[in-house]
Amino acid sequence: MLGKLGPLLFIAAATLQPTFAQERIAIVNATVIDGTDHPPRRKVTVVIEGNKIISITSSKRPVPADAKRVDGAGKFLIPGLWNNDLHGSFEDGKAHFPELLSAGITTIRDMGAPLDDILRLRSATASGALVGPRVFVAGPLMEGPTPVQLGLIVDLFSEQQARDEVRTLKQHGVDYGEVDTTLTPELYWAIADETKRQGLPLVGHIPAKISAWDIPKAGQTDVEHLGGRFFNMLVACSSDEDYFMKQLASTYDDILRSLNDNKPIVEPQFKADFDDRLLRTFDDHKAQTLFRLYAEHSIAQTPTLYVLHTLWDTNKERNHLTDRDMEFGQKIFAKDLEVVGAMKKAGVPILAGTDGPYAEGGDALHAELKFLVEASLTPLQAIQAASRDAAEAMGVANEVGTIEVGK
């Protein structure tokens, strides 16, 4: 999709060094796609002073004499892009933030990292000590009860521990708390209740034993990967939803036992018979009802189609997938594209993200925008999923996300 636009310029949201705070830059003769619903405007001059846009005028108007001129002729000026699902560390940021900026990414949502390390990264970019995108953070993903030991997750084994973890995250000033697929219902609802008490936004996956219909009750404001590893959104749209929820509950229990016993994990949701039944029982009426519910509650979707596209390939060896299984994986992805387009038409906010490391975040995001267009979003809507709509979802649309005076 971006390839059809030609050369691009990006209005950056990265913090400027204090010594350059009042520098004026005039981007002249650009075609501006401002991220609002306004059509492209040609031969426009955008003047930036410090880190604020101070004017947007016709290029026929004179440019301030003290402004540094950037020639935008033949180029498109768009808002700085957001990658709404990345995972990294302070050292990853130091190494790869220049690459993200060069790809036009001026804001990221880190969706799972060691707490102290990611807070250090956020602080460094906010102060200007490290030039890079603005960083929003979750800290570690709340998992569990699993024996997995990784810095980017925290394993929870009791409701009290879950509540304590939420309070700890709040005290450290994270921007949101993130839940993963391995939580029991008891842990999930304890987290949902405590995040409400603490005034902390709740985002992330949908656990295996939680229905997508319950997400509004939990107050979750964002859903990743169409629910996650257990296909929660598609299951909620099935006329056989009860059957699939029982199947996935059994699978979840088996996975926990396998992890604890260090045995191979078997996941039937990647098998052709499961997927065939899931596709055949897709109920358009249920789907539209669910999508309207999410739209009414402004529950955003970050589908990460870039990752879902390769889901069967990355699980082929572990789950011993056959050619028929792989064929149905392609059919499930085609349905994912259809569902994302239908959700957008129903008014569900769609956000662009790639669920990967900082090193891959730029090219992957451009690929994600192309997938969003394949999912029937317009090119402008795809850009908005990585700019305006992301800023609105994070509550900073008065500052960034579109090319407008004062932002």
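Contact, as I use the word in these entries, means heavy atoms within 4.5 Å. I am working on a predicted model, in which local features need pLDDT of at least 70 and side-chain atom pairs count only at pLDDT 80 or more, while totals for chains, interfaces and linings use all residues. I number residues from 1 along each chain as its sequence is written, and side-chain values use heavy atoms, with hydrogens and water left out.

**Entry 1, Thr36.** I looked up Thr36 and found it in the loop between strand E2 (24–32) and strand E3 (41–49); helices (H or I, at least four residues) and strands (E, at least two) are DSSP runs, numbered from the N terminus. Not counting residues up to four places away in sequence, Thr36 touches Leu380, Gln384, Arg388, Thr402 and Glu404. Is Thr36 buried or exposed? I noted a relative accessible area of 16%, so Thr36 is buried (buried means under 20% relative accessible area, exposed over 50%, partly exposed in between, with a 1.4 Å probe and protein chains only). The side chains of Thr36 and Asp34 are joined by a polar contact of 2.6 Å, that is, a pair of N or O atoms within 3.5 Å, where within protein one must be able to donate a hydrogen and the other to accept it, and residues adjacent in sequence count only if both atoms are side-chain atoms.

I then turned to His205, which is in the loop between strand E13 (202–204) and helix H5 (215–218) and is buried at 9% relative accessibility. Its side chain makes a polar contact of 3.2 Å with the side chain of His225. Leaving aside neighbours within four places in sequence, I listed the contacts of His205, among them Leu141, Glu178, Asp180 and Gly228.

I checked Lys43, which is not a glycine and yet has a positive phi of about 50 degrees; Lys43 lies in strand E3 and, at 60% relative accessibility, is exposed. Thr304 also has a positive phi of about 50 degrees without being a glycine, but Thr304 lies in the loop between strand E15 (300–302) and helix H10 (305–308) and is buried at 0% relative accessibility.

Last, I looked at helix H8 (residues 272–280) and helix H12 (residues 323–346). Among the residues that meet here are Ala272 and Leu279 in H8, and Phe328 and Lys335 in H12. By class, I recorded 5 nonpolar, no polar and 7 charged residues in this contact (Ala, Val, Leu, Ile, Met, Phe, Trp, Tyr, Cys and Pro count as nonpolar, Asp, Glu, Lys and Arg as charged, and the others, Gly among them, as polar).

Notes. Axes are lines fitted to C-alpha atoms, for helices over the stretch in contact, and angles run from 0 to 180 degrees between N-to-C directions.
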